Amino acid sequence: MKNSDSRRDFIKKTVTGAAAISFGGVLPGFSASSYAKIMGANERIQVAMMGVNSRGLALSSNFAAQKNCEIRYICDVDKRAAEKCISTVAGIQNTKPMAQPDFRKALEDKQLDALVIAAPDHWHAPAALLASAAGKHVYLEKPCSHNPHEGELLVAAANKYKNVIQMGNQRRSWPNVAAGIAELHGGIIGRPYFAKTWYTNNRPSIGVGKTAPVPEWLDYDLWQGPAPRREFKDNLIHYNWHWFWHWGTGEALNNGTHMIDLARWGLQVEYPTRVSSAGGRYRYQDDWEAPDTQNINIEFGNKSTITWEGRSCNPFPIEGNTVGVIFYGENGTLVIGGGNAYKAFDLKNNLIKEAKNETKVDTASLTSPSQQLDAFHIQNFFSGIKSGTALAADIHGGHQSTLLCQLGNIAQRTGRTLNIDPENGHILNDKGAMKLWTREYQKGWEPKV
């Protein structure tokens, strides 16, 4: 009973912190009083939304629904998306946000507190760095960066500017998911040593794009931003950019980041020792560059491994879930599917613990699979700003989880197993692979701290 009680206390404390419901703990270098000077306790946090066509529209609706928030600006290079989002937000918060296509101009507003970034992947880190330098806090959708170098810049920026940067791996704040991880850390299946993660979907072909005039509703030059200029093609915007290395990061970072992050959290690991990947564009012959079928293997120095199986063109589920993570341990198995739930089994496959999902999660949704649960993550971000609360998904951990996926893609693109420095995640003795550690930028757009 003594050990059981101890484990229960440990889990209770862990879940409370991870789900960010009690708002305990303070970010290093900050105090509640220092935040009070910046923002009055009764003031609503003023936010600008960057990128509001799809996921950004759902995020805007969620932020607008928070009573301690006001969306001040809608920033999008697509006039149609901006108008739709402004109308949607105005109907929720009863005040009309301002349209500002260039988010950099919104950052000049001294009344603005935070920038929410849901633009394409190639914009994530550069926009966050500009916001940080402007003295703003940042809510950054996953992946936090397009390449590992940008992730390191984000960590350096948070250390320099002392602002709050929360990555949008929202499951870190889902209560039952956090409880499942706490059970894992409490020893419910002994030492976990293998985490299997996956994502499945049935995405159609994107075809072969044709060069076309830029639509009148689109500022394509600003859309490209830090990416070197390429001609506009009719199969790129809005969603298909995910599958081009020039702008996107493939399924591994589009969806793999969420579950690989849970796996890293559960195994309590940081940087790996070896990474390999196998797969390719198997289903269709089109412009899609990233793999639609991929298996990434990530090994760590403490005798543990994470695997990720990504199937973009075959939706058959694993363990009844299109997305999830399974932890295998010395004394049993713990399963977290796509919802706010988990199950634990002993080595005889008997169910020993279960937390059921009470909130519907549509894992197939590309925009808002779990708005109610994600509000926990948003409030944790706000509490970090106003009270110095420890973040559920700070940028340091966000970079580490994103990096695991990026290393998988680098292994895939080079066709080689990568040996990794477990102290910092850098690739060892492979100059060719290290060329993918960063990217080329449009002149004048190079990110910096």
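In the predicted model, strands 9 and 10 form a hairpin in which 3 residues lie between the two strands. Lys303, located in the turn, has a positive phi of about 60°. Strand 9 (residues 293-300) pairs with strand 10 in the antiparallel sense, over 8 bridges. Within this pairing, Thr293 stands opposite Arg311 of strand 10.

Strand 10 also pairs with strand 7 (residues 192-200), here in the parallel sense and over 7 bridges. Arg311 of strand 10 stands opposite Thr200.

Ser277 is placed in strand 8 (residues 274-280). Its relative accessibility is 17%; because buried means under 20%, Ser277 counts as buried. The side chain of Ser277 makes a polar contact of 3.1 Å with the side chain of Gln294. A polar contact of 2.7 Å joins the side chain of Ser277 to that of Gln412. When neighbours within four places in sequence are left aside, the residues in contact with Ser277 are Gln294, Asn295, Ile296, Gly408, Ala411 and Gln412.

Val155 belongs to helix 7 (residues 148-161). With a relative accessibility of 15%, Val155 counts as buried. Apart from residues up to four places away in sequence, Val155 touches Ile395, His396 and His399. Val155 and Gly398 are separated by 243 residues in sequence, while their C-alpha atoms are 9.2 Å apart in space.

How values were computed:
Residues numbered from 1 in each chain as written. Predicted model: local features only at pLDDT ≥ 70, side-chain atom pairs only at ≥ 80, totals over all residues. Heavy atoms only, no water. Helix = DSSP H or I, 4+ residues; strand = E, 2+ residues; numbered from the N terminus. Buried < 20%, exposed > 50% of the residue type's maximum accessible area, 1.4 Å probe, protein only. Contact = heavy atoms within 4.5 Å. Polar contact = N/O pair within 3.5 Å; in protein donor to acceptor, adjacent residues only side chain to side chain. Pairing = 2+ DSSP bridges.
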